[in-house]
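The stops below go from a sheet to the helices around it.

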Amino acid sequence: MEERLLEIRNLKVYYFARSGVVRAVDNVDLFMNKGETLGVVGESGSGKSTLGLSILKLVPPPGRIVDGKILFDGIDITKLSEEEMVKIRGKRISTVFQDPMTSLNPLMKIGDHLIETIMVHEDVTREEAKERALSLLDAVGILPDRINDYPHQFSGGMRQRVMIALALALNPDLVIADEPTTALDVIIQAQILELMKRLKKRYNMGIILISHDISVVSEIADRIALMYAGQVVEFADAISIFEKHLHPYTEALLRAIPNIELADQELVYIPGSPPDLTNPPKGCRFYPRCPYAMDICKRKEPPAIKVKPEHMVKCFKYQ
């Protein structure tokens, strides 16, 4: 039987702004097993990055976790103090941010980033930490003699490799990668995804890959959660999402992927815009943009329906 690594139950994360309460994550349920990759997909503003920050308890003010549980290896993270979370961040849960240039200290050498991270969390000498840093750089495809270079001396793709090395420095159980390939061209993007696949297998770690691009997530995900307006509207294994998807939003995202083999293909887009999360629609949040909307969709929020034991969809079509 597969062992649960992460389980999220009824999670609500709100931002209390002057303009109103932004329901960034609203009643979300998710899970993943050890060694799996979970893809979280949605448009900008869907709440996927806030979900990632919640797992690390790093939601910035005026945001906070309002309700729900985040069970990591059986421990409810929402109940932990900041002191207890410091021991988990980096050591057991690490992250790869979207823009490595703003995440790396421009005045520190790449090697010092890695060495300091290792020495803060583990009782090792500087020489031992340096040896591990060299090993990590080798694992992500960076030559050892570049350990004394600064971030500005690396390309965007190489900086992202450094960020992945930092995420792996303490051999975590879970790595949260928030849009790790967005600023990269398609060739480097493919290399980074292949690297993550290889390292996942080598280190037997779980990955949460957050992206607005469902085609990127399809490359490495075991399970995929589709987020729309703060809610997970469909959640299933990757094969079911691509071959037996159910939610109209999932269908729309998949139709919007351009096919380079069809020169005369008409580009498809989703009409309309996501709702204002300070005042979301009363019923289904997708109904103003949904081609299958029924009268009930405007009045009531659809329940989470399990069409199979591990395939959930929020849509009245399947009630």
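Two strands count as paired when DSSP finds at least two bridges between them. With that in mind, select Thr37 in this predicted model: Thr37 stands opposite Ile207 in β8. Now show β3 and β8 whole; the two run parallel and are joined by five bridges.

Eight strands make up an open sheet of mixed pairing, ordered β6-β7-β8-β3-β9-β10-β12-β11. Go to its edges, β6 (93-96) and β11 (304-308): each has a single partner strand, so one side of each lacks a neighbour in the sheet. From one strand to the next, the twist averages 20°.

Last, select helix α7, residues 186-203. Which of its residues are buried? They are Gln189, Ile192, Leu193, Leu195, Met196, Leu199 and Lys200. Looking down the axis of α7, these fall within an arc of 160°, so they line one face of the helix. Their packing partners include β3 (37-41) and β8 (206-211). Turn to the face pointing away from the buried side to find the exposed Ile187, Lys201 and Arg202.

Finish at the two ends of α7. At the start, a side-chain oxygen of Asp185 comes to within 3.0 Å of the backbone nitrogen of Ile187. Just after the helix, Asn204 has a positive phi of about 50°.

Technical notes:
Residues are numbered from 1 along each chain as its sequence is written. This is a predicted model: local features need pLDDT of at least 70, side-chain atom pairs count only at pLDDT 80 or more; totals for chains, interfaces and linings use all residues. Side-chain values use heavy atoms; hydrogens and water are left out. Helices (H or I, at least four residues) and strands (E, at least two) are DSSP runs, numbered from the N terminus. The expected span of a helix is 1.5 Å times one less than its number of residues. Buried means under 20% relative accessible area, exposed over 50%, partly exposed in between (1.4 Å probe, protein chains only). The arc is that of the directions from the helix axis to the C-beta atoms. Contact means heavy atoms within 4.5 Å. A polar contact is a pair of N or O atoms within 3.5 Å; within protein, one must be able to donate a hydrogen and the other to accept it, and residues adjacent in sequence count only if both atoms are side-chain atoms. Axes are lines fitted to C-alpha atoms, for helices over the stretch in contact, and angles run from 0 to 180 degrees between N-to-C directions.
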